[in-house]
Amino acid sequence: MVEQGFNICIIARSEEKIAQRLEEITKEFPKVRTFSVVADFDKIHTIEDYKTQIGDQLRFLDIAMLFLNAGVSHVGAFADITNQEVQEMVSVNALQPIYCAKVLLPIMLKRANRGQRSAIVVTSSGLGGRPVAGTITYSAAKAFSSFLAQGLSYELEEQNVDVLSWECGPTQTKMMRGRKGAKLLSPEAAVKGMLRDLGKERLTYGVLKNDRSSSLFMAMPSGFINRMMFKAMKGARERRIKEGLQ
Ligand SMILES: NC(=O)c1ccc[n+]([C@@H]2O[C@H](COP(=O)([O-])OP(=O)(O)OC[C@H]3O[C@@H](n4cnc5c(N)ncnc54)[C@H](OP(=O)(O)O)[C@@H]3O)[C@@H](O)[C@H]2O)c1
């Protein structure tokens, strides 16, 4: 986004990470203006709190693009994951996009009144399209965020706001916790695939759109996929617990 001339505002929970990222950006792109808000989406629970902690701080900005990307996943059988893990996944993956969109949309619509376009991207997940055993809460929360984005894309199309649900595929990030052996996308390739479809689609799988193995995966019977995924997720959680990673 910076390369394309956007000024940047980061909303994130770690002041240290925000400062580091903004320093990297301004070092490389000195003309870019930056802004930040510190917010932990696992600790904000009402729209009113989103408004006072985030919306009120951003009301003077001209928001051209809102990228609702924060997410968290914990894998394991529903009965085994902790209450805190369930709450965190619902708060960050489902409540955060809908509450952020609710408090920031009025600011974005001011652009529409001036005849300017804007965009909202909600990062969902390929797992939001299937009730996958072993990641039920994550899948359900991502399905919620995907429905939100797709619905908004219809409501807002006549107000010059493009909304996209990005059903991202497996990507090499912190979330994959060093997972090896799988076919993982680079974050750069994943984002490029998403941006290609922004303004053209309501939902995209990004670069996986034309990927044969993912089409095959989507075409397989749900029962088979769910059992296979559950086995894989269960094994992954057991390994992570053994390694002290989760
Ligand atoms: N990686 C994949 O294979 C994959 C596949 C499908 C969808 N996705 C989705 O892609 C999005 C980006 O994830 P990623 O892969 O880049 O993983 P990541 O590196 O773990 O990034 C997740 C981001 O969400 C932030 N976050 C988590 N909990 C938060 C909270 N309580 N408050 C504020 N921010 C919080 C994290 O902040 P901190 O840095 O402070 O932890 C981090 O910036 C997520 O929505 C994820 O569900 C990822």
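Biologist: Okay, ground rule first: a residue is buried if 20 or more other C-beta atoms, placed from the backbone, lie within 10 Å of its own, exposed if 12 or fewer, and partly exposed in between. Is I98 buried, partly exposed or exposed?

Modeller: I98 is partly exposed, because 18 other C-beta atoms lie within 10 Å. Keep in mind that this is a predicted model: local features need pLDDT of at least 70, side-chain atom pairs count only at pLDDT 80 or more, and totals for chains, interfaces and linings use all residues. Residues are numbered from 1 along each chain as its sequence is written.

Biologist: Where does I98 sit?

Modeller: I98 is part of helix 3; helices (H or I, at least four residues) and strands (E, at least two) are DSSP runs, numbered from the N terminus. From C-alpha to C-alpha, I98 is 9.0 Å from I47, though the two are 51 residues apart in sequence.

Biologist: How do helix 3 and helix 4 pack?

Modeller: Helix 3 covers residues 83–113 and helix 4 covers residues 136–156; their axes are 8 Å apart, at an angle of about 5°. The axes are lines fitted to C-alpha atoms over the stretch in contact, and angles run from 0 to 180 degrees between N-to-C directions. So helix 3 is roughly parallel to helix 4 (under 35 degrees is roughly parallel, over 145 roughly antiparallel, 65 to 115 roughly perpendicular, and the rest oblique).

Biologist: Which residues meet there?

Modeller: From helix 3 you get V86, M89, V90, N93, A94, P97, I98 and A101, and they meet T137, Y138, A141, K142, F144, S145, L148 and L152 of helix 4. Contact means C-beta atoms, placed from the backbone, within 7 Å. This contact of helix 3 with helix 4 has 12 nonpolar residues, 3 polar and 1 charged. For those classes, Ala, Val, Leu, Ile, Met, Phe, Trp, Tyr, Cys and Pro are nonpolar, Asp, Glu, Lys and Arg are charged, and the others, Gly among them, are polar.

Biologist: New topic: which residues touch the most other members of the largest nonpolar core?

Modeller: C100, A101 and I120 do, out of 39 residues in that core. A nonpolar core is a set of buried Ala, Val, Leu, Ile, Met, Phe, Trp, Tyr and Cys residues joined through C-beta atoms within 7 Å. Helix 3 gives the most to this core, with 11 residues.

Biologist: And what does C100 touch?

Modeller: Leaving out residues up to four places away in sequence, C100 touches Y50, I54 and L68.

Biologist: Switching to the ligand: which residues come nearest?

Modeller: A70, G71, T173, K174 and M175 come nearest, among 22 residues around the ligand (near means a C-beta atom, placed from the backbone, within 6 Å). That shell has 9 nonpolar, 8 polar and 5 charged residues.

Biologist: Last one: T204 and E188, buried or exposed?

Modeller: T204, in strand 6 (residues 203–204), is buried, with 22 other C-beta atoms within 10 Å. The C-alpha atoms of T204 and E167 are 5.9 Å apart.

Definitions and conventions:
Two residues are in contact if their C-beta atoms, placed from the backbone, lie within 7 Å.
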